[in-house]
Amino acid sequence: MKPLHHDLAWASPRPLWRGASQSVRPQILRFADDDFMERVLHLLDTDPARIADLVARPETWRDPPQASDPSADAARHVPLPAVMKANRRQRFLGRVPSPIPPVTATLKLWQPAHQRHYLVAGSLACALPGLPEHQLAGGHERVGFVLRRLISGNEHAWIADEGGGRWQRVNDGLAPGEELLPLFPLRHADSEGRNRTLWAGLVPVGRREAYLSGPINSTVVSLAAGQRAALDPPPVPAPTPSVMGRLTDLRLTVFEPWKAMITAATRAAGALDKTKGDECRLRAFASNIDFQMQSWLLLLDLRRWIAAHLNEVARAIAGGAPPAVGSRQRPVYDWLVAAVPGDPLTNALKDGLIFTSQQPPNTPLGDVIKPMKANLLDALKALPADPPNAPHPLEAITTHYTAKVAVTAAQAAAWPAFHFPFAGLTPQGNVVGPWQVPPAPAPNAAEVAAIHYPPGTAPADAAVISDPAESGA
């Protein structure tokens with residue numbers, strides 16, 4: 001980071017700034033036990049100068065450990081009183097720490113399974129005479145360290161992304177999206193008793209396999225270019241065409257609601273009391289009005305799906321020529337033409353509207369009854385088109401389509417000027433609509449024998465293994 005008034009510098013840990021051990025760069029500290037954090041805290045509290053003994057040096061399993069390894073000291077020290085601790089600190093700080101020998105061989109970092117842990121440690125100082133310690137100025141400053149990899153003599157930064165990560169070549173500074181590993185402060189006192197901060201971070205040697213398997217990008221991307229690209233991301237690529245995806249969308253938006261409507265009609269038919277003629281007609285008509293309101297919305301969803309996936313059928317709905325005979329979309333067009341409401345449903349709506357009409361006696365019948373479309377294709381054609389940059393008129397209506405609305409011209413004008421329910425009831429309690437209900441198959445002996453009966457339930461009670469409404473749907 002670079003504040004406005006002066007530069008900053010990362011230096012070696014402040015306890016190493018005496019004598020021959022002075023260094024101008026952060027160091028890697030090596031530990032040989034899992035409780036290394038407790039050990040380094042104890043070392044900074046009692047003898048900060050011995051940090052020099054923790055600086056990592058090349059080692060192998062054939063060579064003995066480092067000659068002086070305070071991290072291998074398993075003793076637990078009792079906290080000293082303040083006076084004795086101050087005297088001991090002065091005695092320790094009075095000596096010159098051991099010099100750090102130059103590293104000539106390749107420094108290999110071992111895994112935690114080998115009982116090796118590593119911290120990168122350094123002091124953050126102001127680039128002024130005497131290198132005074134820099135204090136973070138609020139939340140807009142933060143510290144961290146990055147992991148770089150040398151490939152053919154060029155530095156590569158680790159970029160964490162959704163694919164796991166990659167190596168990106170950099171020239172200087174940070175790379176856009178580069179992973180910033182955390183540093184945490186460790187407090188210690190100098191020879192004058194002033195509090196100092198040592199910044200340390202755990203080296204993620206356990207992620208070696210992920211680092212080695214990451215792809216490499218040798219194209220240099222500056223931080224400024226990466227920031228500009230982040231502010232103006234590229235458009236999201238279009239999803240890969242999928243037959244399963246299209247059919248699933250059609251089932252969720254059209255067929256499942258249609259099935260639910262048929263199921264509701266079947267259950268409503270079973271609840272009708274056919275011995276009460278006028279009441280039965282009114283209840284059947286009220287159900288048909290509800291189904292019609294839902295059907296208009298279902299027609300809108302079906303037409304939008306066709307417009308998104310079946311361009312030839314969409315052109316036919318818009319008034320163009322039908323798909324050519326033998327083409328892949330022609331069967332859909334033929335199915336839309338064959339889906340007719342039927343006379344029972346048409347007569348059921350007409351009968352209910354005449355029975356519940358409150359219009360004056362001389363009102364023409366055509367002003368009361370909305371025409372029933374001949375088939376599903378005509379219903380899709382008659383539905384108002386989607387306006388540009390505005391919700392569809394059906395989606396803007398806030399009132400329900402009721403029996404009163406159905407015969408009141410001022411209110412009925414808000415809804416489409418035609419009827420085409422996807423399901424309905426006759427006053428006799430029959431479920432009708434632009435579909436055919438296959439007969440529910442009777443369960444055979446093997447199916448009945450395979451049923452798991454609850455305790456106390458006779459097998460005869462489970463002879464009907466499916467709900468008639470669900471079978472019809």
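**Figure 1. Ser152 in the loop between β5 and β6 of the predicted model.** Ser152 sits in the loop that runs between strand β5 (148-151) and strand β6 (154-159). Its phi is positive, about 55°, although Ser152 is not a glycine. Most residues other than glycine have a negative phi. Ser152 counts as exposed, at 73% relative accessibility.

**Figure 2. Gln115 in the loop between α2 and β3.** The loop shown lies between helix α2 (82-93) and strand β3 (117-126), and Gln115 is part of this loop. Gln115 is a residue other than glycine with a positive phi, near 60°. The relative accessible area of Gln115 is 30%, so this residue is partly exposed.

Figure 3. Apart from neighbours within four places in sequence, the residues in contact with His188 are Arg14, Pro15, Leu44, Arg194, Asn195, Arg196 and Leu198.

**Figure 4. Helices α5 and α6.** Two packed helices are described by the angle between their axes and the distance between the axes. Here the axes of α5 (residues 243-271) and α6 (residues 277-309) come within 10 Å and cross at roughly 170°. The two helices are therefore roughly antiparallel, as angles over 145 degrees are placed in that class. On the α5 side, the contact is made by Arg246, Asp249, Leu250, Thr253, Val254, Pro257, Trp258, Met261, Ala264, Ala265, Ala268 and Ala271. On the α6 side, the contact is made by Arg283, Ser287, Phe291, Gln294, Ser295, Leu298, Asp301, Leu302, Trp305 and His309. Of the residues in this contact of α5 with α6, 13 are nonpolar, five are polar and four are charged.

**Figure 5. Buried and exposed sides of helix α8.** Helix α8 spans residues 330-338, and its buried residues are Arg330, Tyr333 and Leu336. An α-helix has 3.6 residues a turn, so residues three or four places apart point the same way. Pro331 and Ala338 are exposed, on the other side of α8. The cover over the buried residues of α8 includes α6, α7 (311-317) and α10 (376-382).

**Figure 6. Arg328 in the loop between α7 and α8.** Arg328 belongs to the loop that lies between α7 and α8. Its relative accessible area is 82%, and Arg328 is exposed. Leu310 is 18 residues from Arg328 in sequence, with a C-alpha to C-alpha distance of 9.8 Å.

**Figure 7. Cys126 and Cys280.** Cys126 is buried, at a relative accessible area of 7%. Cys280 is also buried, at a relative accessible area of 3%. A disulfide is a covalent bond between the sulfur atoms of two cysteines. The structure holds zero disulfides.

**Figure 8. The whole predicted model, for orientation of the close-up views.** The protein has 15 helices and 13 strands. Of its 473 residues, 36% are buried. Among contacts between residues at least 6 apart in sequence, 69% join residues at least 24 apart.

Conventions:
Residues are numbered from 1 along each chain as its sequence is written. This is a predicted model: local features need pLDDT of at least 70, side-chain atom pairs count only at pLDDT 80 or more; totals for chains, interfaces and linings use all residues. Side-chain values use heavy atoms; hydrogens and water are left out. Axes are lines fitted to C-alpha atoms, for helices over the stretch in contact, and angles run from 0 to 180 degrees between N-to-C directions. Helices (H or I, at least four residues) and strands (E, at least two) are DSSP runs, numbered from the N terminus. Angles under 35 degrees count as roughly parallel, over 145 as roughly antiparallel, 65 to 115 as roughly perpendicular and the rest as oblique. Contact means heavy atoms within 4.5 Å. Ala, Val, Leu, Ile, Met, Phe, Trp, Tyr, Cys and Pro count as nonpolar, Asp, Glu, Lys and Arg as charged, and the others, Gly among them, as polar. Buried means under 20% relative accessible area, exposed over 50%, partly exposed in between (1.4 Å probe, protein chains only). A disulfide is a pair of cysteine sulfur atoms within 2.5 Å.
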